[in-house]
Amino acid sequence: MTEFGERIAEGLRTAYEGELLHSEHTPFQKLEVFEHPHFGRVLVLDGLIQTTQSDEFCYHEMLVHPALVSLERVGRVLIIGGGDGGTLRRVLEHGPSEVVMCEIDERVIEVCREHLPDISAGAHDDPRVQLVIGDGAEFVAQSDNAFDAIVIDGSDAIGPAAVLFSEAFYASCHRTLRPEGVLVTQSGSPMFQLDEFRMAFGNMNRSFETVEPFLSFVPTYPGVLWSYMTATDGKPVSFTSPLVVRLRLEERKIATRFYNPDLHAGVFALPEFVREICAATVPTSVPHG
Ligand code: SAM
């Protein structure tokens, strides 16, 4: 058994023990896969847990469904990052006409297909999918195609993913989205990754009319409590009623293990400490819900 884990804060780290199945240095990052007795297969990049077989649904359903269910019609979707394919699989459940997935590290896709195949469940091979290997920030900066939704499933704001929290990147995304389009990103732990949370919230507010953080939990992520943010110039995502959420999930024949209509209504209700972070970061921002 090999020990792995991450330092979350001064005096605080996680410790897992598992069997190391794969390890390599790609041109972008250190890539490892472990077999863990409780969480199953675990993908680790630069020492940070990215996804596990047992709790990936907690993350992928909350990253994808609230944003895409808020759209009456899901046409063209852009995914940035997401090499393991869990986000892609959930996006395809909404019946898009086309999905472009821009992942910087081809080795993540290949290794996940080999060692964590049930996370993507063949989504990479769907005929609606166009895989682009490259930097997501460069892709949107050059893109002039309009998307209905952009889903950012990047790693932490260090290394290759740091640019995915920048003002210029969100401005490019805003230009690439249809007027009523929606953007969603993971934005880290509001307890232990405040810089990441503030960067995303502050920089998204510079390009979008409405930015809505929402909270949920992922057992293997630092501090478990995890944040996401939606951004749009259209109707705020939190305004989608539980009835509409239920009807659209039924219409799109989407079965979930985590997300549901009541959760959609609840996750945008932020605790006071998060509201204060938002107000301190963007004084004019008025959290909805
Ligand atoms: N859910 C995880 C999290 O919240 O930390 C992210 C999982 S996913 C595996 C992250 C992916 O983003 C990785 O495959 C990584 O290679 C990719 N990535 C990082 N920076 C990128 C960039 N600038 N453009 C495109 N993909 C990027």
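This is a predicted model: local features need pLDDT of at least 70, side-chain atom pairs count only at pLDDT 80 or more; totals for chains, interfaces and linings use all residues.

**Helix packing, salt bridges and backbone**

I begin with two helices, H7 and H10, whose crossing is right-handed. On the side of H7, which spans residues 194-205, the contact is made by Leu-194, Phe-197, Arg-198, Phe-201 and Gly-202. H10 contributes Val-274, Ile-277, Cys-278 and Thr-281. By class, six residues of this contact are nonpolar, two are polar and one is charged.

An angle under 35 degrees would count as roughly parallel, and one from 65 to 115 as roughly perpendicular. H7 and H10 are therefore oblique to each other.

Arg-275 pairs with Glu-272, and their closest N and O atoms are 3.8 Å apart. Both residues lie in H10, which runs over residues 272-281, and they are three residues apart, about one turn of the helix. Arg-275 has a relative accessibility of 29%, so it counts as partly exposed.

Let me turn to the salt bridges as a group. How many salt bridges does the count come to? The count is 14. One of them joins the side chains of Glu-56 and Arg-90, at 2.9 Å from N to O. Are Glu-56 and Arg-90 buried or exposed? Both Glu-56 and Arg-90 are buried.

Another salt bridge connects Arg-128 with Asp-126, again with an N to O value of 2.9 Å. Its two partners fall into separate accessibility classes. Buried means under 20% relative accessible area. Asp-126, at 18% relative accessibility, therefore counts as buried. Arg-128 has a relative accessible area of 29% and is partly exposed. There is also a network of salt bridges, in which Glu-24, Arg-107 and Glu-110 are linked.

Thr-51 sits in strand E7, residues 48-52. Its relative accessibility is 2%, and so Thr-51 counts as buried. Which residues does Thr-51 touch, once its neighbours within four places in sequence are left aside? The contacts of Thr-51 are Arg-41, Val-42, Leu-43, Glu-56, His-60, Asp-84 and Ile-119.

Finally, I come to two points on the backbone. Asp-46 has a phi near 50°, a positive value in a residue other than glycine. Where is Asp-46 found? Asp-46 lies in the loop between strand E6, residues 40-45, and strand E7, the strand that also contains Thr-51. Asp-46 is partly exposed, with a relative accessible area of 42%.

Val-224, likewise not a glycine, has a positive phi of about 70°. Its place is the loop between strand E13 (210-217) and strand E14 (225-232). With a relative accessibility of 33%, Val-224 counts as partly exposed.

That concludes my presentation. Thank you for your attention.

Technical notes:
Residues are numbered from 1 along each chain as its sequence is written. Side-chain values use heavy atoms; hydrogens and water are left out. A salt bridge is a side-chain nitrogen of Lys or Arg within 4 Å of a carboxyl oxygen of Asp or Glu. Buried means under 20% relative accessible area, exposed over 50%, partly exposed in between (1.4 Å probe, protein chains only). Helices (H or I, at least four residues) and strands (E, at least two) are DSSP runs, numbered from the N terminus. Contact means heavy atoms within 4.5 Å. Axes are lines fitted to C-alpha atoms, for helices over the stretch in contact, and angles run from 0 to 180 degrees between N-to-C directions. Angles under 35 degrees count as roughly parallel, over 145 as roughly antiparallel, 65 to 115 as roughly perpendicular and the rest as oblique. A crossing is left-handed if the near helix is turned anticlockwise from the far one by less than a right angle, and right-handed if clockwise. Ala, Val, Leu, Ile, Met, Phe, Trp, Tyr, Cys and Pro count as nonpolar, Asp, Glu, Lys and Arg as charged, and the others, Gly among them, as polar.
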